[in-house]
Amino acid sequence: MPDRSPSILLGVTGSIAAYKSLDLIRRLEGEGISVRVVATRNALPFFPVLPAEVFSGHPVETDLFNPRRPREEGGGRVSHLALLDKSDAVLVAPASADFIARMALGLADDLLSTLLLSATVPVLIAPAMEEAMYHHPASTGHRKTLLERGVVEIPPEAGPLASGKSGLGRMAPVDRILEALLPVLRTVRPPDGPLSGLSVLISTGPTREPIDAVRYIGNASSGRMGNALARAAQARGARVTLVSGPTDLPPPPGCDLHRVTTAREMQETLESLFPSHQLLIMAAAVSDYRMKDPVTGKRKKDGREWTLSLVENPDILKGLAARKRPGQFLVGFAAESSLDPSLLLEKCRHKKVDLLVANDISRADIGFSSPDNEVVLVTPSGEFRTLPRADKSAIAGQILDAVVAGGWPGHPAPFQENADGHSRP
Ligand SMILES: Cc1cc2nc3c(=O)[nH]c(=O)nc-3n(C[C@H](O)[C@H](O)[C@H](O)COP(=O)(O)O)c2cc1C
């Protein structure tokens, strides 16, 4: 159980919106969240420091080296780690264009940027700037870099701007900032649930196998199912590690995110993470084949046929099943064009998974890029259950509930205690 209230480090940077951070501090404190404020030097002309100190109950920090800070809070030495020790998340609100650029580049030239470079907790940013600055390719690129690193953006809204113009760039209202932050804090300090204290490893999205410098073998997996499983596991109290192939979806906040491209990168990453997790869910659509010899550079048109020679990729699921230790539980997804029960059972046993989740890729209304899914759960002992078509979030919840209710933790056979509604082939 948590031994203290949730805590955040609030970074305030040099935007006209910095005055709104005062209201943010009051609302956060009202939610029982303790706030430590770190402001950039350029935020100070915009930011009411004394009221912020009164509302937060702590000094507003600006200096990297502050000999007056108490020793247990890093006084007399470089303080960034001590200030982070007590933070469950970092929220930069407002985040100026300049500060976002510094974060993306990994600069550490003041207290706030140094803290962010050291932070291992979730980071959220609420940009505030003129519309032209927000849409500038440099700013767009920096935000993209940050999103790829798992930083959560709370996008600005449209309205009157400090310049007198109207447009996109006003810092998100405090309600929207809280809406984004509170779920993140709940996942960092997870609620009590059936998966409390457990670490869940989930693979998601497609993989890409290069053909040449610009072309690749991919598939239509959107990553929605894996993301929904991640959120469902978090809601049940688990800590979640997500290994994601290339997708356009933002990862669920609060996950430990590892991005990969090829099947072999996914294999390497999962193999290194698997030993420290109790539950593995393989929802990624991993390419079965890769180019035998990818072409260097871009192959130009030459009027001739081009035959690609492919070799099989390793069977990641089977490899991980072979390394499974007692106490670990493995869920594998199978994309099938027919859901023949005897073939599914054979696959479940052959792959040595504790639960196989099969979806029918011949149907256009479910699976891959669709928001919905319908799946059949299969256990090695030959039990089958169909989860009828529903939104992927609902399916994800039902899959985890099935794992928890019947087979996790500590019950060797899933569904054992839940015999109603199970059928045998
Ligand atoms: C009156 C005024 C308002 C400003 N408002 C913003 C703003 O809303 N967003 C922004 O990105 N920069 C704004 N700037 C520019 C930043 O303050 C400037 O880029 C500064 O270097 C940011 O420093 P920091 O990122 O270290 O806080 C403003 C500058 C002035 C003089």
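Select helix α4 (residues 97–105) together with helix α7 (residues 137–148) in this predicted model. The axes of α4 and α7 cross at roughly 50° and come within 9 Å. The two helices are therefore oblique to each other, and their crossing is left-handed.

Next, display the side chains at this contact. From α4, show Ala97, Ile100, Ala101, Met103 and Ala104; from α7, show Ala138, Ser139, His142, Arg143, Thr145 and Leu146. Coloured by class, the contact of α4 with α7 comprises seven nonpolar residues, three polar residues and one charged residue.

Which helix gives the most to the shell around the ligand? Helix α4 does, with three residues. The ligand has 16 residues around it, and those that come nearest are Thr13, Gly14, Ser15, Asn42 and Ser96. Colouring the shell by class shows nine nonpolar, six polar and one charged residues.

Now move to helix α1 (residues 21–30) and helix α2 (residues 49–56). Their axes come within 9 Å and cross at roughly 5°. Angles under 35 degrees count as roughly parallel, so α1 is roughly parallel to α2.

To view this second contact, select Leu22, Ile25, Arg26 and Glu29 in α1, which meet Pro51, Ala52, Phe55 and Ser56 in α2. By class, the contact of α1 with α2 holds five nonpolar residues, one polar residue and two charged residues.

Finally, show both helix pairs together. The axes of α4 and α7 cross at roughly 50°, whereas those of α1 and α2 cross at roughly 5°.

Terms used. Residues are numbered from 1 along each chain as its sequence is written. This is a predicted model: local features need pLDDT of at least 70, side-chain atom pairs count only at pLDDT 80 or more; totals for chains, interfaces and linings use all residues. A residue is near a molecule or strand if its C-beta atom, placed from the backbone, lies within 6 Å of it. Helices (H or I, at least four residues) and strands (E, at least two) are DSSP runs, numbered from the N terminus. Ala, Val, Leu, Ile, Met, Phe, Trp, Tyr, Cys and Pro count as nonpolar, Asp, Glu, Lys and Arg as charged, and the others, Gly among them, as polar. Axes are lines fitted to C-alpha atoms, for helices over the stretch in contact, and angles run from 0 to 180 degrees between N-to-C directions. Angles under 35 degrees count as roughly parallel, over 145 as roughly antiparallel, 65 to 115 as roughly perpendicular and the rest as oblique. Two residues are in contact if their C-beta atoms, placed from the backbone, lie within 7 Å. A crossing is left-handed if the near helix is turned anticlockwise from the far one by less than a right angle, and right-handed if clockwise.
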